[in-house]
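Let's take a walk through a protein model and look at its aromatic rings. Keep the structure open as you read.

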Amino acid sequence: MPSSTMAVDTTASEYWLNWRFMLCAVWVYSCMVLACFLIWKYEGPSSQDGNGDGGEDSEDARPPRAASGVVYLEDCWKPCLEQIHPGWLLAFRVVSFFILASLLAVDVVVDGWSVFLYYTQWTFLLVTLYFGLGSVLSIYGCYQYSYKNGDNRSGADHGTYIIAPAGESVYEQSIKNPCYSKMHGGKEIAGFWGYLFQIMFQTNAGAVMITDLVFWFILYPFLAYNQYDMNFLLIGTHSINVVFMIGDTAMNSLRFPWFRIAYFLLWTGAFVNVQWLIHASISIWWPYPFLDLAFPKAPVWYLVVAVMHFPCYALFALVMRLKQSLLERWFPHSYTCV
């Protein structure tokens with residue numbers, strides 16, 4: 001993996017006690033404070049805002065909508081079209097998980113653990129964990145789906161998708177959380193794992209966009225062209241993640257409320273803070289040239305990357321909007337995401 005040339009001692013006090021670092025810190029922590037405010041205001045089923053997913057109000061009679069921060073358990077595993085069996089989404093997630101995990105393992109073997117100094121590998125790991133958790137939730141969903149269909153065939157009385165048979169297993173109880181066992185509009189509100197999955201989905205949505213766009217449109221052509229030796233691993237880690245995320249998005253039923261850009265901002269903020277702590281302790285190379293605080297235009301680059309979070313997140317929101325528009329037009333009677 002390429003690295004920027006280490007020109008100064010990053011452990012020296014004068015490296016940090018200057019206006020460049022102070023200004024960069026203002027950009028980073030302002031974004032993190034904004035993120036914390038958005039989470040405090042909108043996250044969870046108790047939020048009072050009901051339109052945070054960008055949808056327009058409809059005059060049609062519909063069940064009352066919960067707050068924009070709510071996550072439904074069945075949305076974590078149910079495809080967005082009724083005629084698609086949850087097993088197809090499960091298969092896609094399992095295949096994606098093993099491909100991503102294999103690629104990440106090869107990357108570590110080839111370049112060592114230092115690859116995790118890069119935001120790309122942080123995001124790649126998060127995407128891999130997303131598909132791993134998604135596979136587990138989809139297995140649970142397939143069980144619920146088969147149980148419901150079994151009840152239909154036997155003519156027995158049944159509830160919604162997520163009503164489990166008596167005597168839930170430890171596995172089922174780990175998916176659900178008693179704190180969020182409320183129902184809304186016939187759908188069960190998710191527990192910890194459902195919320196974590198939704199948060200990972202929206203964090204990855206922005207992170208894969210900014211990772212690939214910064215690499216292909218800023219780093220490679222302008223800042224570090226001579227440092228990159230194009231190979232399968234480099235191309236794969238900067239492309240396949242977004243392909244799998246868009247593929248999962250095309251099939252899943254997850255919503256995309258705008259306020260969860262907060263987790264994307266916190267994810268990047270955490271990465272920058274870890275980099276600062278590492279370089280304040282050990283004088284090593286910076287994974288990205290624009291992170292080097294000795295660079296005269298570092299505050300400008302920090303600000304540019306911070307601002308880029310918003311169009312990158314908006315780009316994925318546009319993908320969601322395009323999906324909704326096309327599927328509502330092509331499958332008006334089976335599209336389940338409203």
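The paragraphs below follow the rings and their surroundings.

This is a predicted model, so local features need pLDDT of at least 70 and side-chain atom pairs count only at pLDDT 80 or more, while totals for chains, interfaces and linings use all residues. Residues are numbered from 1 along each chain as its sequence is written, and side-chain values use heavy atoms, with hydrogens and water left out.

Rings of Phe, Tyr and Trp (its six-membered ring) pair if their centres lie within 6.5 Å; planes under 30 degrees apart count as stacked, over 60 as edge-to-face and the rest as tilted. The structure holds 30 aromatic pairs. One of them joins phenylalanine 92 and phenylalanine 131: the pair is edge-to-face, 6.2 Å centre to centre with 65 degrees between the planes. It links distant parts of the chain, 39 residues apart, with phenylalanine 92 in helix α3 (residues 86-111) and phenylalanine 131 in helix α4 (residues 119-154). Helices here are DSSP runs (H or I, at least four residues), numbered from the N terminus.

Phenylalanine 131 is buried at 0%, whereas phenylalanine 92 is partly exposed at 22%.

Now turn to tryptophan 113 and phenylalanine 116. Their ring centres are 5.9 Å apart and their planes lie at 25 degrees, so this pair is stacked. Tryptophan 113 is exposed, at 66%, and phenylalanine 116 is partly exposed, at 22%.

Finally, phenylalanine 92 and phenylalanine 131 belong to one aromatic cluster, whose members also include Tyr130, Trp258 and Tyr313.

Notes: Helices (H or I, at least four residues) and strands (E, at least two) are DSSP runs, numbered from the N terminus. Buried means under 20% relative accessible area, exposed over 50%, partly exposed in between (1.4 Å probe, protein chains only).
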